[in-house]
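Hi,

Here is the model I said I'd pass on.

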Amino acid sequence: MGALDAAFIQEAEQRPDLKMVEGEGIPMIDLSDSPARTREELAAEIGDACKKWGFFQVVNHGVPLGLRKRVEELVKEFFDQPPEEKEKVKRDEVHPMGYHDGEHTKNVRDWKEVFDFFLQDPTLIPALSHPEDKSLRKLTNQWPQSPPQFRETCEEYAREVENLAFKLLELISLSLGLPADKFNGYFKEQTSFLRFNHYPPCPQPELALGVGRHKDGGALTVLSQDSVGGLQIQRRSDGEWISIRPTPDAYVINLGNAMQVWTNDLYWSAEHRVVVNTEKERFSVPFFFFPGHHVSVKPLDEITNEENPPKYKEFNWGVFFAMRNRSDYKKQEVENIQIDHFKVSE
């Protein structure tokens, strides 16, 4: 990526504290079957983490560790290739899946490069050519020829983390006192995608961020990270930034905006960011579990009442996703769409 230039420099108040001491850890939850714990008790444990943190880690999650290791090796092999090889599958506003090294968060360029692919290929999203347009765009993945077996391994891994995401979705539903399959129908024709992140060493990590502060948009994110570390989350109780120590073989789970809206702010979508360093590259693989383009997102009727009225207006997920996706490539004149824009006036 070369020397740090002005495009990467964060505003003074957003620059990371590289001397930050790790605080209280986010909950670690064991998903294995246990005769000493019912499914409802496991769901309650997850619900408590969703209320207090919006983040937790899971072990004994069912994703084959050998497959995960193969993916990690392929990710490094892909990013180690020369730029001209990676750019054969470079993404743009017309083809939003593939390789990219110029993404922006909050209008500041991130110190990273990525490779994205949809879980479902093709995936349908609104065209958004004009306000009254109800037509859909059909988006497809771009796959590199190298490394060998890249596509096959990626697709196999995607289905495994999808299974984990549905398992967690059902436990979250149970934690709310709802049927386990309450949310499942929202994920027909889902817009979910996976991302491979590469954060190279940075010459001035006190000025830049691998990913700037943000909240994920969908239901939840299933994150595999390596041992280097760098993920920080904003604690719900006091707004302090907390570093998340990597745990071998665990997945980091965080809730997205859609879940916060469905639960009417009972559960939390925490702001988070990634810090970088001068010595070690870092890799991570998030799976963004997103609803179908047709889904209307609003607080659930089962949760709202006169004492707890809806805090958000209804919005269409596909439009929300399409607008956010288009803002990644360059600076915008106005703030990107956020769930706060759908807040009901007090």
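Below is what turned up, starting with the ground rules.

This is a predicted model, so to speak of local features I needed pLDDT of at least 70, and side-chain atom pairs count only at pLDDT 80 or more, while totals for chains, interfaces and linings use all residues. Residues are numbered from 1 along each chain as its sequence is written, and side-chain values use heavy atoms, with hydrogens and water left out.

The sheet comes first. Eight strands form an open sheet with mixed pairing, in the order E1-E2-E14-E11-E16-E9-E6-E3. Strands here are DSSP runs of at least two residues (E) and helices are runs of at least four (H or I), numbered from the N terminus; two strands pair if DSSP finds at least two bridges between them. At the edges sit E1 (28–30) and E3 (98–100), each pairing on one side only. From one strand to the next, the twist averages 25 degrees. E9 (residues 193–199) and E16 (residues 282–289) run antiparallel over five bridges, and Tyr199 stands opposite Arg282 in E16.

Helix H1 (residues 39–52) lies across E1, E2 and E14, at about 160 degrees to E1. Contact means heavy atoms within 4.5 Å; axes are lines fitted to C-alpha atoms, for helices over the stretch in contact, with angles from 0 to 180 degrees between N-to-C directions.

Now the charges. The whole structure has 23 salt bridges (a Lys or Arg side-chain nitrogen within 4 Å of an Asp or Glu carboxyl oxygen). Asp48 and Lys52 make one at 3.4 Å, N to O; they are four residues apart in H1, so about one helical turn separates them. Asp48 is partly exposed at 36% relative accessibility (buried is under 20%, exposed over 50%, partly exposed in between, with a 1.4 Å probe and protein chains only).

Which residue does Asp116 meet in a salt bridge? Its partner is Arg91, at 2.3 Å, N to O. Asp116 lies in E6 and Arg91 in the loop between H3 and E3, so the pair ties together parts 25 residues apart in sequence. Asp116 is buried at 1%, and Arg91 is buried at 4%.

Arg195 and Glu103 also form a salt bridge, at 2.8 Å, N to O. Shared partners join Arg91, Glu103, Asp110, Lys112, Asp116 and Arg195 into one network.

Cheers
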